[in-house]
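Please find below a short note on the model under discussion.

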Amino acid sequence: MAGLLLWSIGKRRKSMAAVAYACFVFVLFLASASCASHGRRRSVIEVEGGPNGVVWVAQLSDLHFSVFNPERAADFRRLLGPALSMINPSLVLITGDLTDGKSKDLSIMKQEEVEWIEYQNATEDIIMRSGLDKKLFYDLRGNHDSFGVPQVGGEYDLYRKYSINSRLRRHGNIQSVTLQHRGRRHIFVGIDSAMEIGVRGPTNLFGHPTDELLSDLDMELGQWDKKSTQPITKISFGHFPLSFTATTDTGKSLKDVFLKHSLSAYLCGHLHTRFGKNLKRHHVRSAGTYYQFNMNHGTPSVKKNENCSTNVESPQEFWEWEMGDWRKSRILRIVAIDSGHTSFLDIDYRLGFRDTIILPTFPLDSRFMHRISSPRYFQCESTGTSLLYETVRALVFSRSSIISVSLKIYDSRSGHFDLVLDQEMMKMKGNQTRGDMYVSQWNWRAFVDPSPDRFLLQIEAIDISGKSTRSQPRPFSVNGLTADTSWSWREFFVMGVQWSALYPPLLHFVLLLLFSLLLVPRGFLIFSKNYASRNKVGPTVTRTKSVWMCIEEAVIFGLVELSRFTELWCGILLYLLYLVFFPWFFGQVYSEAGKMAYMTHGGWAVASPKNENHSAYSGVPDIMVIVLPHLGFVVLPTVLVVGALAAERTAFRDYFRSLCGKKEDGHPEESASHLKGRSLFGVFGFWSGRWMRKLLLFLCMLILWKHWKECRAIVKAYDMNPFLHSPVYCFWIPLSLAYAVYKTCAAV
């Protein structure tokens, strides 16, 4: 009996051990799978060879390969292969809009597989011609690459089929690569924040990060923080500027993560050069929620006694550098990191290949220095044993042998560019492995100045054929002061305004204004018993009144007369209520034909990719490109013009009756004195020929033209029938204007 009991206990122990072993193997499998997945998005590259302490990468953006513009891909093949071979970057970053995805008339926006095949062939060609390893290339998705893609990884997601990242099995919205070189680490983290449910354009314009993406980004940027004491430079790259990036459902933003890690720079595209070439922005924590007027925010504060301890937390700031497009501008960017200092150069290839390229890496351009940390770095490093300030350094790339490189410094204090330093630069020995670095010792203390743009730096290189190439003169500040640079109004419009934050208050303001213009005069008429607007023709003209007061009275008079026009007033009010509570129109938002969705001012109601029976709203704030122009440039002018038509009819009727009454009395002189000063428009003889009505009819035609353009673009973009899918949106405004013109035609 005892033996049987011992045998039973032993058997049970063996079974428990087997179960424990199986659990251990299962956990090990999950861990290895997780590591494998993690390894696919995170890689480390050892940068071998000289020059010491310097790495550089190349950036391209907005290629827009199109079947209707084959020259874009042709120039890409012809120019970039030799250019990348000459520059020899450690990475090549392609930040979105790889294909165009537009029809010939630019009205229909969806994926075209022919363009993706061309992109695949072109990238394979330049990889081969440049001699670079394919693993050095990273390409991200832009909004054009997600036009009409209902689900990431689905049938219509051609990026997952033809992109370099997908061909190298780099999946996920975050891609991280670390360049290690001579005791320094340089982290580059790519962000794919394109729409998860990619609708067609034009309502696919913004980046849409999620809380999960921000968590992954935070983890990747901080991957070396606790593992190493080596200096770390952090750079992120993506397609969308922060001004065109929405916040997450919980209100978090990319800016919060970037500030947390004191990013060196965020490299992006999307805006192209048509808005300007100065699309850069310095970010700090205290910047405004809705806008920032200039490239730099606030006034830098320079402390006399900086804490130079390595344990001091880095200042929370970073630069955002949008680059020009390849589509029209043929721009290639080189970003260099020299001992932790980041600089860049944008090269225009529209005029052909560049035989020699010069990129100064120190001192930095004072327009793009960190506003907080640069003065601190100067105070801490210039008084220590650092050799950083002892030399001027520049990278020189050339396909011909360089025989001479010289440093030139100009002083602009007198109002002219006076040459104050001209000396030869020497090539660093043993640095031919990756590229040529030229250095020149100088007395940097002679250029310490409170003005950040007094001195300008220029490098000149002469090749073996005698051809001279000069870099653009750029201001520098040895003591770390940043030069203020202002945007043009177009640059401010796209870089300085935070559109995702501004859309909700703008929408609410316009709706409140429209309802107020209708309801306030109506309520005034209902509750005021002593209003005597019918006893006066219009706004009176006196010498004490300004033009603006007369215009204000004319607007009030028109809105009151509109509220008397019951049919039109009710029609416009019903249209506004329709725009607030009902779908504006239905359309096909995907590349796949047959799947319809509807749009409201709150976004597109589309089927969730995880559950087709559940609807999700997508495209906010992207729909602002339709909502705000319609409300601001169609509906609001319609309210004002219809009110003006009603007021013009009332004024002309009273004017006509006053003339008839005076003629019957036989006192023409009284008629003249009676009319003088009673009507602003009567003084100029408007009523006699109803010239004001003719002007209003012209404004009606402008409104109809604007509305017709909007409807035509939407009908084409979303393959819809205006009579079936958007009858109210397309026809209510024209019918309201036509009815107003008809009803105000007769004055008596």
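The points below concern the annotated spans, the backbone and the charged pairs.

1. Basis of the note. This is a predicted model, in which local features need pLDDT of at least 70 and side-chain atom pairs count only at pLDDT 80 or more, while totals for chains, interfaces and linings use all residues. Residues are numbered from 1 along each chain as its sequence is written, and side-chain values use heavy atoms, with hydrogens and water left out.

2. Annotated spans. The unreviewed UniProt entry places the feature "transmembrane region" at residues 506-527, 568-586, 623-647, 691-708 and 723-742; such annotations may be inferred rather than shown by experiment, their names are shortened, and their positions follow the numbering used here. In the model, residues 623-647 are 96% helix and 0% strand, with end C-alpha atoms 35 Å apart. Residues 568-586 are 74% helix and 11% strand, and their end C-alpha atoms lie 26 Å apart. Helices (H or I, at least four residues) and strands (E, at least two) are DSSP runs, numbered from the N terminus.

3. Cis peptide bonds. Most peptide bonds are trans. The bond from Phe-362 to Pro-363 is cis, with omega near 0°, and Pro-363 sits in the loop between strand 13 (356-362) and helix 8 (373-381). The bond from Val-620 to Pro-621 is also cis, with omega near 10°; Pro-621 belongs to the loop between strand 25 (615-618) and helix 13 (624-665).

4. Positive phi. Asn-88, in the loop between helix 2 (71-87) and strand 3 (92-95), has phi near 55°. His-272 has phi near 65° and lies in the loop between strand 8 (265-268) and strand 9 (280-284). His-272 is buried at 7% relative accessibility, whereas Asn-88 is partly exposed at 26% (buried means under 20% relative accessible area, exposed over 50%, partly exposed in between; 1.4 Å probe, protein chains only).

5. Salt bridges. The whole structure holds 27 salt bridges, each a side-chain nitrogen of Lys or Arg within 4 Å of a carboxyl oxygen of Asp or Glu. Arg-77 pairs with Glu-118, the closest N and O atoms being 3.2 Å apart. Because Arg-77 lies in helix 2 and Glu-118 in helix 3 (residues 113-130), this pair ties together parts 41 residues apart in sequence.

6. Further charged pairs. Arg-141 and Asp-157 meet in a salt bridge (2.9 Å, N to O), and both are buried. Asp-225 and Lys-234 form another (3.0 Å, N to O); Lys-234 is buried at 8%, while Asp-225 is partly exposed at 40%. Lys-408, Asp-422, Glu-460 and Arg-470 are linked in a network of salt bridges.
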